[in-house]
Amino acid sequence: MDGAFRIDLATYLPNDLLVMADRMSMAHSLELRAPFCDHLLIEESLRLSPNLKMPGLRLKGLLKTAFADVLPSPVLSHRKQGFMIPLARWLRTDLRDVMEDLLSSSRLRERGLFDPGAVTAMKSEHLDGRRSHGDRLWTLMMLELWMRQYLTSEAPCPIQAT
């Protein structure tokens with residue numbers, strides 16, 4: 001657990017979460033503070049034993065226990081949520097044309113890496129709302145863009161600036 005904690009401190013926090021928080025706050029002219037990133041608090045947390053950091057193996061367990069007397073019950077019982085973008089919705093709406101271009105049956109056949117029928121079925125299930133394949137479709141889209149960028153001389157991105 002301590003190893004994962006230290007990896008998150010060295011990579012995920014500064015290279016992902018704090019970058020996103022910084023960009024989103026700046027985009028809305030907000031000054032953001034991250035009080036739990038205070039170096040003294042982090043140094044002290046590194047000294048805690050793993051069973052204190054995650055009592056009962058509950059994420060945010062220590063934080064919820066520490067503030068149980070001041071936080072309302074719904075906050076304490078609410079499950080942890082990630083910092084997610086609405087990718088599944090975007091692939092059904094704003095990015096649908098881009099997805100259709102990047103993952104067209106003809107393109108998939110030309111590349112010969114994936115079964116066009118399987119990808120088409122996945123797109124159909126996703127677009128119809130029968131099943132969410134947002135992460136898989138996004139990964140395939142990024143692979144296609146990577147191949148355009150590094151393996152062919154095609155224009156890498158079909159998205160037009162407005």
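1. Trp 146 has a relative accessibility of 45%, so Trp 146 counts as partly exposed (buried is under 20% relative accessible area, exposed is over 50%, and partly exposed lies in between, with a 1.4 Å probe and protein chains only). Tyr 150, at 59%, counts as exposed.

2. The model is predicted: local features need pLDDT of at least 70, side-chain atom pairs count only at pLDDT 80 or more, and totals for chains, interfaces and linings use all residues. Residues are numbered from 1 along each chain as its sequence is written, and side-chain values use heavy atoms, with hydrogens and water left out.

3. Rings of Phe, Tyr and Trp (its six-membered ring) pair if their centres lie within 6.5 Å; planes under 30 degrees apart are stacked, over 60 edge-to-face, and the rest tilted. This rule gives a count of one aromatic pair. Trp 146 and Tyr 150 form it, tilted, at 5.6 Å centre to centre with 40° between the planes. Both residues belong to helix α10 (residues 134-150), where they are four residues apart, about one turn of the helix.

4. Helices (H or I, at least four residues) and strands (E, at least two) are DSSP runs, numbered from the N terminus. The protein chain has ten helices and zero strands. Its radius of gyration is 21 Å, well over the 15 Å that the globule rule gives for 162 residues, so the chain is more spread out than a compact globule. That radius is taken over C-alpha atoms, and the globule rule is 2.2 Å times the number of residues to the power 0.38. The C-alpha trace spans about 60 × 35 × 35 Å along its principal axes.

5. Buried residues are 20% of the 162 residues in the protein chain. Among contacts (heavy atoms within 4.5 Å) with a separation of 6 or more, 53% come from residues 24 or more positions apart. The accessible surface of the protein chain is about 11800 Å², and carbon and sulfur atoms hold 60% of that; the areas come from the Shrake-Rupley method with a 1.4 Å probe, and for residues only the protein chains shown count as cover.

6. A nonpolar core is a set of buried Ala, Val, Leu, Ile, Met, Phe, Trp, Tyr and Cys residues joined through side-chain atoms within 4.5 Å. The largest one has 15 residues, and those with the most contacts inside it include Leu 91, Met 99, Leu 137 and Met 141. Two or more residues each come from α6 (87-92), α7 (96-102), α9 (116-128) and α10. The most, four residues, come from α10.

7. Leaving aside residues up to four places away in sequence, Leu 137 touches Leu 91, Met 99, Leu 103, Met 122, Lys 123 and His 126. Leu 140 also lies in helix α10 and, at 13% relative accessibility, counts as buried. Beyond its neighbours within four places in sequence, Leu 140 is in contact with Leu 103, Phe 114, Val 119 and Met 122.

8. Arg 107, in helix α8 (residues 105-111), counts as buried at 12% relative accessibility. With residues up to four places away in sequence not counted, Arg 107 touches Leu 102, Glu 144, Arg 148 and Glu 154.

9. Helix α1 (residues 2-27) bends by about 55° at Leu 13, and Pro 14 follows within four residues. The bend is the angle between axes fitted to the seven residues ending at a residue and the seven starting there. After α1 comes Ser 29, with a positive phi near 55°.
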